[in-house]
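I opened this structure for the first time and kept notes on what I looked up. The entries follow in the order in which I made them.

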Amino acid sequence: MAAKADRQQKKDGLGATISRGVRGFGHAVSSFFKEIGAAFSQGDWRTRTSFIIMGFGCFTRKQFVKGLIYFAVEVLFILYMVFFGAHYLQDIGTLGTNLFDREWDEANQIWINIPGDNSMLILLYSVLSIFLCIFFLVIYFSNIRAAWQAQQMQTAGKKLPNFKKSLLGLLDEKLHVTLLTPPAIGVLMFTVLPVVFMICLAFTNFDRNHQPPGHLFTWVGLDNFKDIFGGNQLKSYTFFSLLLWTVIWAIFSTFINYFLGMLIALMINKKGIKLKGLWRTLFVVSIAVPAFVTLLLMRNMLQDAGTINVLLQDVLGWTDAPIHFLTDGTLARITVIIVNYWIGIPYSIIITSGILMNIPADLYESARIDGAGPWKQFTRITTPYMLFITTPYLITQFIQNFNNFNAIYFLTAGGPQTLAYYQAGSTDLLVTWLYKLTVQWQDYNLASTIGILVFVICAVISLATFNLTASAKREETFQ
Amino acid sequence: MKNSIKARRRFGNGVVYVVLAALGLLWISPIVYLVISSFRAEKGSFLDGYIMPRGYTLDNYVRLFTDTDQFNYPRWFLNTFVVAVCSCIISTLFVLMVAYALSRLRFKMRRPIMNIALVLGMFPGFMSMIAIYHLLKVINLDKTLVALVLVYSAGAGLTYYITKGFFDTIPKAMDEAAILDGATRFQVFWKITIPMSKPIITYTVLTTFMAPWLDYIMASVIMKDNYQNYTIALGMYRMLERESIYEWYTAFCAGAVIVGIPIAILFIVMQRYYVEGVTGGSVKG
Amino acid sequence: MSKKTAAILLSALMLVGLMAGCSSTSSSSTGGTSTPATPGSTPASTGSEAGGDSSTPATGGENISLRVWGPQEEQALLKEMCEAFAAENPDNTYTFEYGVVGENDARDRFLEDPAAAADVFMFANDHLRDLVKASALYEVTRNRDDIISRNVEGSVAAASLDEALYAYPMTADNGYFLYYDSSVLSEDDVQTLDGILAVANENGKKVFMDVSNGYYIVSFFFGAGDNIWLEGDAQKCDFNNEAGLAAAESIKTFTADPAFITGEDAIITGGMGESIIAGVSGVWNAEALQEKLGDNFAATKLPTFTLNGEQAQMGSFAGYKLVGVNSLTSQPVAAMDLANWLTNQENQTKRFETRQLGPSNTAAAADPAVKENIALNALAMQSAYAKPQNDVLGGFWNPAEAFGNALEAKDYSVDLQTMLDNLVSQVEAG
């Protein structure tokens, strides 16, 4: 199913991929500088002027539009740096020095506030400026290359491609550039840049005592990491307990969920069961209502005085006292997992039932001839086949559940609180803890540190599983 | 012998029916209860010691559209709808572009890009919300619906994986034939691959269309105090604050039902494509 | 929609985005030369005036634009008051921009981006310290003496920190007291918690209090004479002393009583008049409860509870809602005058008349209509035993909730003294 090259890569495993990547990168870098060097030593005056005035080489060789674009980029960049970027970049070492101050204004009987530096904006705009610098450098070198190539082509007596032709090239042999650039800009702006900013925060002391506009924060090195890894006992205990719970939660919400969904799907698809469409719709309808609504609804229903306790106690009379679904630590953990099943299983049902219908019948046929019972068929054929097809889905699900903010936040908000943890409750996942730390407690530094750790854990888990399952896939016979 | 097998099967099916009925009841009852609550005449979020409402009314629905001073439900609904439509168009395009480039085109940075994208998708997104807000402010888009569209669709390229798997299953021979006939690669993408990818497009459209209806946190950070530009989740959540929950809880349920109906229809109709989509085309329903 | 239209739409959108990007970068960069620290501030908050002009007094003829935050329920009233303010000051032209931010969210929304926050905003007094610490609030110096003299003492204290006044008291009603059903409970019954519980058990009814909430659980500790206070920046708390242990025993007895019911605040509005005969809550539920109970609607101060065999009066937190001025506002004089206007006697009375909010203004509070308001009257009775919430830092709430949770769940695996010690150490660590 996957392209051959993909399988090749998966076979090599992660280590090989990385080492090959590094080597390839090294080659690319060295050949790149050789080219730039050649452009400088062997280029004519037009090429060399391009080192200072971008687009000059292209422009004077009649590639007007290309030349103008390069020049415009240079002008815009310089304007940006002069009026905006430089001011912030120069403060990146200290993250600001001017404190908030005020002067007395006798006439109006007020203090005139003089705003100081805003460390957070300095950091954010510095990161932004650094990104733009890198972007500019890329364009700058491409400008030199363009000038150099144009010169070489001219000496060789070839006709230079005009702008229209280059544009057309973007729809053909350079199509990948066209296709990848807009999404890449989106990802750079709204994922990479914020993430870099966030990573930076983990090395500062941006907490509730160092907040703008009144206060500055600055770099503190690895202090926050030391805090979590033993420096502060309560914090590190909380971190590791929540990590354990988060992993348990993610496993239950992903794999058990998946298997239960598969079981229900098997039942619906069982031979002789009528009204298959009705059964499936019954489960699927729950997807329609936005999850935050159902979660809030469930929260209401599961309260001590909520509908479910009323049902059990007053209507059916099965219990004497309300069951503390959401206020008893252990019970609350079970409750959130079960409620999450209610939300997640319908998805599993649709996905698995679709695939189940497509398992080649001859696989079962031959198994039956070999004397395999239903259980053996299930473990030997159904399960491996399903896993084979849905592994990527399962891994993304696992990561999503690991970071399943909504389910916990709307259902229990992490509660019930417990004295055993630092500002966290029994059902808090790492992400909800992190959210509490930022929003209620303004400990941005600690939150960022946890964010980085969560990321590392997720990355390791998913890269490892991708590789493991990739090797498992080779042995599969379903293709 | 034959009879006993039949009997056993019938018994087995009976058990399955019972289990399915029980589970189905379990699944459907909260939804039914939501619908019942949305018609409830008594106000408040808790009923005391009884379950079925004592009176029914349509007021909860009427009020969502008439009593808009405090909670402008129609406006928020429209906001969300516009954002959902725009962001699902952009997201879908982004996903298709990335997936196609990584699946069909061969270029130097292909492999590194795939690995980086895989890893980047794992950052807990809302950690970077505050940075995103300030970036949007730099380009003067904070508190706008455009900002929401950007935020919901900007990262879409990272979720290329499933779509790429789908493209991988389309035979390459077709592309090659077209290119021999003089088509550009873009034409191949636009005129051959896209029309063949209906299931995966439906899947992407479905999932990205739903995101704005469900998101609360991101929208709240970006919209801040701009009430007029709230999305449905943001606005409806406000109904449950301690000052308004008694008056508005039943209207909240009504609002949820109204949101739910189109999504339910969409989902039931599109179910088949959804399955094909998520399995990356390994299954042709 | 055809693919072509979609593509055109998309490209137009990106173009606009890019253009917006360029234009704003240039405009904010020119602004950056005069006030380098806040080039990011939006045009809306700096208004039509450049930042540098703010020092000139509002002599008249100016265009002043102000952004005002208030909760949803307040919006209509807020508009009316702001327009009245503009009419009162015809020398200047005012433009107002309204944002919906509830008093409880104001701090968080503000600190996320002070430069884009409102010039004038409403907030709950327990967030005052955080806001002052971040230098978010403009110190109130104009009309200071007048403000202090016309508002009740507690509200002024709640708006002040270290002798400096930072906000304008707006309401004095953000506290809690006891609601009860007068068809079941007599005035004598509601004097003591034991009395209420006895009647409840007799009738098979319930008494509501959200004990797993730091806001309410303190009433027992305060009643026992314990306190939570600040030493410098450090939170101190003595809930683990002998009196605290006794209070914890009382909480344990209360939560173990069959008539005790807990949960979200909304439960009281569901059960009152049915299975709940009394409950602890605040004025925000007054209207709903009045509707449910009709003539049986009654409220009073919190009852006494049995502490070491004797009766002790339950304490409480007294909360106030305040109006603050953004320290980064470009129009401090106008903003302060507006804040002053929004909290004057006339407007506090108006707020009471339309929204039943209890005035902090002494003259407005003396109005017989206010005195006759059942809920506000109960709050006033309780105020003698209430403490301001100013000295409670954010680190208090989660541990307090955890403690309440353990008792509500009847989880006695850890003895009370250890739990209290944990509670105090976490509160003080926060």
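Among the buried residues I noted B:Tyr133, B:His134 and B:Lys137. After H5(B) comes B:Asn140, with a positive phi near 65°.

I noted that this is a predicted model, in which local features need pLDDT of at least 70 and side-chain atom pairs count only at pLDDT 80 or more, while totals for chains, interfaces and linings use all residues. Residues are numbered from 1 along each chain as its sequence is written, chains are lettered from A and ligands numbered from 1 in the order in which they are written, and side-chain values use heavy atoms, leaving out hydrogens and water.

Next I looked at chain B as a whole: its secondary structure comes to 13 helices and 0 strands, and 61% of its 285 residues are buried. Its C-alpha trace spans about 80 × 75 × 30 Å along the principal axes.

Last, I turned to A:Gln377, which lies in helix H15 of chain A, residues 374-402, and is buried, with a relative accessible area of 12%. Leaving aside residues up to four places away in sequence, A:Gln377 touches A:Tyr364, A:Ala367, A:Arg368, A:Ala372 and A:Thr382, a contact meaning heavy atoms within 4.5 Å.

Definitions and conventions:
Helices (H or I, at least four residues) and strands (E, at least two) are DSSP runs, numbered from the N terminus. Buried means under 20% relative accessible area, exposed over 50%, partly exposed in between (1.4 Å probe, protein chains only).
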